[in-house]
Amino acid sequence: MKFYISFFLFWLLSALNVQAQMVTVLDKTTRQPIAFVNLSSPDGGITIPTDTDGKADISAFKPVDKINFSLVGYRNLTLTYPVIESLKFTVALAQSSYSLDEVVISASKFDEKREEVPQQIQVLHTRDLTFISQPTTADVLVQSGNILVQKSQLGGGSPIIRGFEANKVLLVVDGVRMNNAIYRGGHLQNVITLDNAVLDRAEIVFGPGSVVYGSDALGGVMHFYTRSPILASADKNKSMQVNAFSRYATAANEKTIHADVNLGFRKIGLLTSFTFSDFSDLRQGKRHNKFDEPSGLRTFYVQRVNNQDSVFRNPKSNQLRPSGYRQYDLLQKIKYQPNTNTSHLLNIQYSTSSDIPRFDRLTLRRNGLPRFAEWYYGPQERLFGAYTLEKKSTGAFYDNARFIAAYQHLEESRIDRDLNNPLRNNRLEAVGVYSFNSDFEKDTGKNEFRYGVEGVHNTVQSRAYKLNINTGESNPLDTRYPDGGSAMTSVAAYITHAFEASPKLILHDGLRYSQVKLTANFIDKTFFPFPFDEVTQQNVALNGNMGLTFLTGNEWRLVGLVSSGFRAPNVDDLSKVFESVPGTVIVPNPNLKPEYTYNAELTVAKGFNQRVRLEGIGYYTWYRQAITTLPGAFNNETQINYNNQLSQVLTNVNAQKAYLYGFSGSLVADITTAVSITSNLNYTFGRIKTDSTDYPLDHIPPVFGRTAFNIKLKKFQGEFFAQYHGAKALRHYNLLGEDNVAFATATGMPAWYTLNLRTAYQVHQNIQLQAALENILDRHYRVFASSISAPGRNFSLTVRGNF
C-alpha cells in the first residue's frame, strides 16, 4: 500500500511540475495564442516551437539562464526562467512593422527570405486582413497603399499596378492563375469574386512576373492564399476551431456575416467557410472641393411602373441609386497528410452574386432623358476546384515538389435595355479553364534551382438574344465574342536560379519559354459580315530576368533587376465586338500580336536598429507592340450603327512603342513597441511614342499614397491614416482608351485626400470588437478613371468571435 501511495504522489507531483512548465505565448494586442513561435537557448542548443494552441513545454530550458522567443512579424523577446514563472507562464509578444527574415512565396513559388528577393513585394498577413476589415478584396488592395483601384460600379474594383490594369496584371489564387481568355483590357471586376474573409495572406509582386507566371504578368502579380485546414497537434486526436464575424457599415448599408469551421485530426483536416454580404445603394460624400463640380449627384432614377418606364427625381441626390447588390462565397478544403513528406489537398471555392447594376451606364442621358432603363451585370459566378500534391524528398532532382490540377468555370452576363424600349439585350459568356502546374525546388548549397511546367486550356462560349419584356418573344442578337466558340491553349516551361556568392551577395536569374495558340470561329454573320470564318494565332515568347541583391550587413539593401514580360492576345483582345463608350464601338482585329515589356529597376533600402526602414524603388519600362485602342474602319467605314446609335469604329492595334517610368517610396518606423508609422508614395508616367508628340498611355494613375499612425497596446489596436491622390489634368488623359474622360471634371480628375480611423478591442479572449470611421470629413471624390463616386463618411462595426 505504501508503495502505491508513494507512486501515486510521485506521479501527481510530476504531472503538476510538467503542467507548471508549459508556457503559453500570446499576441500582446489580440491576446490570441501564437503558433510556431521559436523558443531557443542563447547558444541555440535547445529549440522548441509552440503548437497550434501557442503552448510549449519549457522544462528543458530550466538549466539555462535565458529563453529567446522569436517569430517573423513579432519583436524578439528574451526572458529568464524566473521571470517567466512570475508571469504565470504566459508570455505576450508585440507585433513588429517589418522583419528582415520575413518569408515570401510568390516570387519563385517556394519559400524565400524577402530581403534576398530582387522583386518589390508587399505582403498582407492574416492579422492585417482581419484588422482592416474590408467588404471586398478590391477594397483590401486599396489599403496596401501601393495599388490604385478603379470602379465603374459598387460591385467592382479593377487594380492598377505600375500603370498596368485588367488583363495586364495577373491574379493568382492558391497557385492557380485566375486570368482567362476573356479578361479584358479595360476595367476588370473579377477580383471581388475572391472572399477576403478566408484569405490567409496576399502577396503583391510588382513588375513583370512572366518568367514564373507566364502571360499577362506585365505590371505585376497579385497572389492570394486562402487558409488551409489545420491538423490536430501530436498530443491530440482531434481539434476544432470556429471563427465568425458580423459587420455593419453605413455608407452602403453593408451587412456581412461570415463563419468558418476547422476540424482537424492527426492526418486529416477539413475547413468549411461561408460569407454573405448585402449592400444597399451607396452614399457618396457631400463635401465638394472647389475643383470638383457636383457632377456626381444622382438626380434621377428609372423604375418600371404599370409596365411603363418612369423617370423619378431622386430626393437624396448623394444616394447612388441603384448600386446595391448581394454576394455569396463558399469554400471547402480537405487535407490529407499521411506523413511529414506528403500532403494532399482538395480545394473547392464557389462565388456568386445577385445582379450588379452598372451604375455609370445608368447615369447617361440622351435627348435630355436617361438613355437606359436597365443596365446590369448578371450574377458573376466562379466555381474553382483544385487538387494539390506536395512532396518532400532528398533525391537528386528536388527537395520540394508541388503538383496542381485545377478546373474553373466562370459565367458572366451583360443585360441592358433602352428607356421606353421593350427589347432587353442579353449577352452571356461561359468560360471553362483547365490547368496543370508542376513546380520543383532543389537546394545544392550555394545554389537553389526552381523549375516547372504549366499547361492551361480555355474554352469560351458566347450567346446573345433580345427579349421582348412585354410579349416574352426572343430574337437573335450579336454576341460579344465569336458565336462559334473560341479556344486558347498555352504550354510553358521555366527555370529560376539563385546563387549565394556570400551571405551579402545573392544573384537571381531565370528563363521561361511559352507557346500560346488561339482559335476563334465566326458562324453567324448577320450582324457583322466579317471577311473571315476563323481566326487562328500561334505565338511563342522567351522571357528572362536577372537580379542582384547586395546586403551590406549594416541594414543597407541594394538591388538591381532587369526583367521582361509578355502578354499574348486573348479572345477579348482579338475577336470581341462591344461598345467601349456610348458612341464608339470596338471591332475585331485578327492581326494582333503579343505585347512585351522590358523592365529595369533599382532599389535602395536602409534600416536603423531594426526599428526604422526607408525604401525607394525607381523603374523604367520599355513597352513594345503595346495593345491599345485607336480609330479604325469596318468595311471601309469609320462609323457604323451599333445599338441604335451612330458610333465611331475603334480597333485594338499594336502601337509601335510606349514607355513608362515611376517611383515607389515607403517608410516603416517602430517608434516604440506600441507606436509605429507607415507611409507609401507612388508615381507613374506613361506615353505612347509617335512621330510627333508622345501621346498619353491609358491606365496611368496620378501620384497616390497612404500614411498611417498605429498604436498597439494590451487588448487594443488603433490606426489613424490618410489616403491621398494627386490631380490628373485632361492633357494627360488617353481620350481613346479606358481613362473614362467623360466622367472627369472640366479640368480632369481633382486631387483628394481622406482622413480615417479604425480601432479594435479584445473584449474577451474569444471576442473582439472593431469600429472604424472612414472618410471622416465626408469628402466627395472619385478615384482616377472611376465612373462612380467613392463612399462618403462610413462608420463600420464588426464583432468577431473565435472558439
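1. Starting with R358: its relative accessibility is 11%, so it counts as buried. Its salt-bridge partner is D360, with the closest N and O atoms 2.6 Å apart. D360 is buried too, at a relative accessible area of 2%. Keep in mind that this is a predicted model.

2. Zooming out, the salt-bridge count comes to 37. Some of them join up: R304, D309, E374, R417 and R424 are linked in a network.

3. Have a look at E112 and R450, which form a salt bridge with the closest N and O atoms 3.1 Å apart. This one links distant parts of the chain, as E112 sits in strand 9 (residues 112-113) and R450 in strand 34 (residues 447-468), 338 residues apart. Both E112 and R450 are buried.

4. Another pair to check is E719 with R706, whose side chains meet in a salt bridge at 3.2 Å, N to O. E719 belongs to strand 48 (residues 716-725) and R706 to strand 47 (residues 704-713), so the bridge ties together parts 13 residues apart in sequence. E719 and R706 are buried as well.

5. Three strands make up an open sheet in the order 4-1-7, and the pairing is mixed. Strand 4 (55-57) and strand 7 (90-93) are the edges, each pairing on one side only. On average, neighbouring strands here are turned by 30° against each other, ignoring direction.

6. Within that sheet, strand 1 (residues 22-27) and strand 4 run antiparallel and are joined by three bridges.

Note on methods
Residues are numbered from 1 along each chain as its sequence is written. This is a predicted model: local features need pLDDT of at least 70, side-chain atom pairs count only at pLDDT 80 or more; totals for chains, interfaces and linings use all residues. Side-chain values use heavy atoms; hydrogens and water are left out. Two strands pair if DSSP finds at least two bridges between them. Helices (H or I, at least four residues) and strands (E, at least two) are DSSP runs, numbered from the N terminus. Axes are lines fitted to C-alpha atoms, for helices over the stretch in contact, and angles run from 0 to 180 degrees between N-to-C directions. A salt bridge is a side-chain nitrogen of Lys or Arg within 4 Å of a carboxyl oxygen of Asp or Glu. Buried means under 20% relative accessible area, exposed over 50%, partly exposed in between (1.4 Å probe, protein chains only).
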